[in-house]
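Please look over the following briefing on an interface between two chains.

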Amino acid sequence: MAEQLYFDDVRPGQELPRLTKGPLGEIHLFRWSAAMENWHRIHYDRRFAQEQDKLPDLLVNGSLKQQFITQIVKDWAGRDGWVWKVGFQFRAMNTVGDTLHVWGKVKSTERLQDYGLVVVELGIVNQDGKENTPGQATVALPFRGGQPVPYPFVPPPGTQAAA
Amino acid sequence: MLITDEVRSYIGLSSEADFACDAVEAGAVRRFAQAIMDEDPAYLGETNDANRRFGGPVAPPLFANHMVRRPLGTPDPVQNNALNPLFDGIVPVASLPGIKPLSHLASLNGGSEFEFFRYARHGERVSLKLSYADITEKESSKGPMVLVVRQYEFRTDGGELLMRARMTTIRR
């Protein structure tokens with residue numbers, strides 16, 4: 001993991017280091033299905049995917065893509081930061097063989113008393129640059145010279161508490 | 001109007017909080033981390049600089065979301081469908097009662113939101129409680145549609161909140 005990032009060093013428009021996964025082959029998809037015990041055949045049984053479900057090929061699991069979306073902000077936040085929220089939509093399919101590039105860009109920042117909140121626009125594009133998973137994350141970052149973000153995370157006052 | 005009083009009555013309907021059949025296991029965490037290609041040292045089965053702040057070895061952020069599995073001693077849908085070429089392999093493991101008045105409508109994935117409070121540590125047990133958080137109707141260019149929001153709440157056996165997920169399904 002990279003050196004700790006501080007809220008003081010973040011500006012709107014700043015881009016996160018890209019995270020690339022793939023090319024994702026049949027074994028990647030099978031390994032993920034096995035790890036989470038998901039036996040949905042469209043991810044590893046090509047004949048079923050194409051002949052029964054009329055798909056172009058084996059599909060990359062949405063549940064795998066959401067791991068990548070979460071990882072890019074987790075790694076960016078560092079050990080002393082915290083990813084509070086991640087949201088996204090699956091707008092397009094990815095098929096086996098795709099290379100996925102996860103991107104993020106700072107949309108806004110808000111300085112609170114104990115830490116700073118950073119809203120990040122993010123998504124996943126394939127090797128052709130086609131967006132398929134647009135989303136947004138809210139990341140809490142420590143101040144330079146300050147304390148790490150409280151752990152377990154304490155949402156800012158006025159938001160739904162972790163009760 | 002697609003939303004009636006009967007549909008609204010599902011808002012707040014929730015399941016019991018059920019524990020995943022297995023605790024957070026080091027081997028399961030390793031397989032998960034390798035499958036998502038995030039070999040973060042915080043996931044190693046020992047306390048180190050990467051996970052000390054979290055109280056020791058932890059699982060990836062979304063690990064709990066995949067912990068609810070079929071327990072031993074329950075019907076095996078894979079074997080039960082061994083001769084069914086149309087079986088798609090989907091094995092439901094946790095669900096809410098379907099919304100009967102909407103059963104004739106198609107279902108589309110409308111997006112997911114996760115809210116994180118802390119990581120699950122190795123050895124912890126995790127419970128899941130589902131509920132219908134909201135059901136609203138919107139007008140779209142293709143006519144009326146219903147947005148059904150299901151909330152998933154994951155807690156430790158000590159009752160600490162790990163993560164909330166809100167999944168939106170579009171029905172039209």
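How much area do chain A and chain B bury between them? In this predicted model they bury about 3,700 Å², 53% of it on carbon and sulfur atoms, where buried area is the accessible area (1.4 Å probe) that two parts lose on being put together, summed over both. The model being predicted, local features need pLDDT of at least 70 and side-chain atom pairs count only at pLDDT 80 or more, whereas totals for chains, interfaces and linings use all residues. Residues are numbered from 1 along each chain as its sequence is written, chains are lettered from A in the order in which they are written, and side-chain values use heavy atoms, with hydrogens and water left out.

- With contact taken as heavy atoms within 4.5 Å, 45 residues of chain A touch 43 residues of chain B.
- The rule for salt bridges (a side-chain nitrogen of Lys or Arg within 4 Å of a carboxyl oxygen of Asp or Glu) finds 5 across this interface.
- One salt bridge joins A:D80 to B:R53, with the closest N and O atoms 3.9 Å apart.

**The side of chain A that touches chain B**
- Helices (H or I, at least four residues) and strands (E, at least two) are DSSP runs, numbered from the N terminus; those that give two or more residues to this side are α1 (26-35), α2 (46-52), α3 (62-77) and β2 (82-88) of chain A.
- The most comes from α3(A), with 9 residues.

**Strand pairing between the chains**
- β2(A) pairs with strand β2 (residues 107-116) of chain B in the antiparallel sense over 4 bridges, pairing requiring that DSSP finds at least two bridges between two strands.
- Within this topic, A:G87 stands opposite B:E113 in β2(B).
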